[in-house]
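Open the model in your viewer and keep the selection tool at hand.

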Amino acid sequence: MKLLVQGDDFGFTKGVTYGIVDAIDNGILRNTGLFANMPDAVLAVSYMADRPQACFGIDFNLVSGPSCSDPKDIPHLVDEEGQFIRSGVRIRDPRWKSEEGRREMFPWEETYREVRAQYDRFVELTGKKPGYLHGHSISHEHYREAIHKISEDEGIPYSQDIQQKYGFLQHAFPEDQRQGFQKQGI
């Protein structure tokens, strides 16, 4: 049996970035996904070249921070300040409970536009394609479809497909802990 350890949210904050770099340098972390939309993505990228033992992918993020697209082009995804609408708000929306509602909350054109913009930002910052594609936080139909399209168009593996193909287990918090996080808006 092999253990694959992935650290999400590279570039989310300076603290998260430093923690991931430390885990690569001194621990078992070998994969991390960049939050290309966050201001600290530039800092995170500055650590990538010196760590060839790590696979750097992209962690697509539609629930935290600023968008890579012009907020006017993705009005269903951002608030009035151009920040993504947080996952805790999203899952409390009654539309979240149905596929039709989720597709309404995250229209295909807007979802694909932003996922593509984050992919392009990764390439712009790093000068290369990511090692893999990964979705952050809440998952919904248009989001997975957009990531699949980029995976197919660019020839880059999508982590969800790899997990399903090889039967990887993914750590998840127990329901009571997830509910506690939701109450805190996390």
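A residue counts as buried when its relative accessible area is under 20%, as exposed when that area is over 50%, and as partly exposed in between. Keep these cut-offs in mind during the tour. What you see is a predicted model.

**Stop 1: helix H1**

Select residues 14-26, which form helix H1. At 1.5 Å a residue, its 13 residues should span 18 Å, and the end C-alpha atoms are 18 Å apart, so the two values agree.

Now colour Thr17, Ile20, Val21 and Ile24, the buried residues of H1. Turn the view to look down the axis of H1: these buried residues fall within an arc of 100°, so they line one face of the helix. On the other side of H1, select Gly15 and Asn26, which are exposed.

What covers the buried residues of H1? Show strand E1 (6-10), strand E2 (31-34), helix H2 (41-46) and strand E3 (55-60), which are included in that cover.

**Stop 2: Phe12 and Phe35**

A search of the whole structure finds 5 aromatic pairs. Select one of them, Phe12 and Phe35: the ring centres are 5.5 Å apart and the planes are at 90°, so this pair is edge-to-face. The pair links distant parts of the chain, with Phe12 in the loop between E1 and H1 and Phe35 in the loop between E2 and H2, 23 residues apart.

Are the two residues buried or exposed? Phe12 has 26% relative accessibility and therefore counts as partly exposed. Phe35 has 0% and therefore counts as buried.

**Stop 3: Trp108 and Tyr112**

Next, select Trp108 and Tyr112, an aromatic pair that is stacked, with 5.4 Å from centre to centre and 25° between the planes. Both are in helix H5 (residues 108-126), and because they are 4 residues apart there, about one helical turn separates them.

Check the accessibility of each residue again. Trp108, at 27% relative accessibility, counts as partly exposed. Tyr112, at 18%, counts as buried, because the cut-off for buried is under 20%.

**Stop 4: two arginines over rings**

Which ring does Arg90 lie over? Select Arg90 together with Phe106: Arg90 lies over the face of that ring, at 4.3 Å from the ring centre. Then select Arg102 and Trp96. Here Arg102 lies over the face of Trp96, at 5.7 Å from the ring centre.

Note on methods: Residues are numbered from 1 along each chain as its sequence is written. This is a predicted model: local features need pLDDT of at least 70, side-chain atom pairs count only at pLDDT 80 or more; totals for chains, interfaces and linings use all residues. Side-chain values use heavy atoms; hydrogens and water are left out. Helices (H or I, at least four residues) and strands (E, at least two) are DSSP runs, numbered from the N terminus. The expected span of a helix is 1.5 Å times one less than its number of residues. Buried means under 20% relative accessible area, exposed over 50%, partly exposed in between (1.4 Å probe, protein chains only). The arc is that of the directions from the helix axis to the C-beta atoms. Contact means heavy atoms within 4.5 Å. Rings of Phe, Tyr and Trp (its six-membered ring) pair if their centres lie within 6.5 Å; planes under 30 degrees apart count as stacked, over 60 as edge-to-face and the rest as tilted. A charge sits over a ring if NZ of Lys or CZ of Arg is within 6 Å of the ring centre and within 35 degrees of the ring normal.
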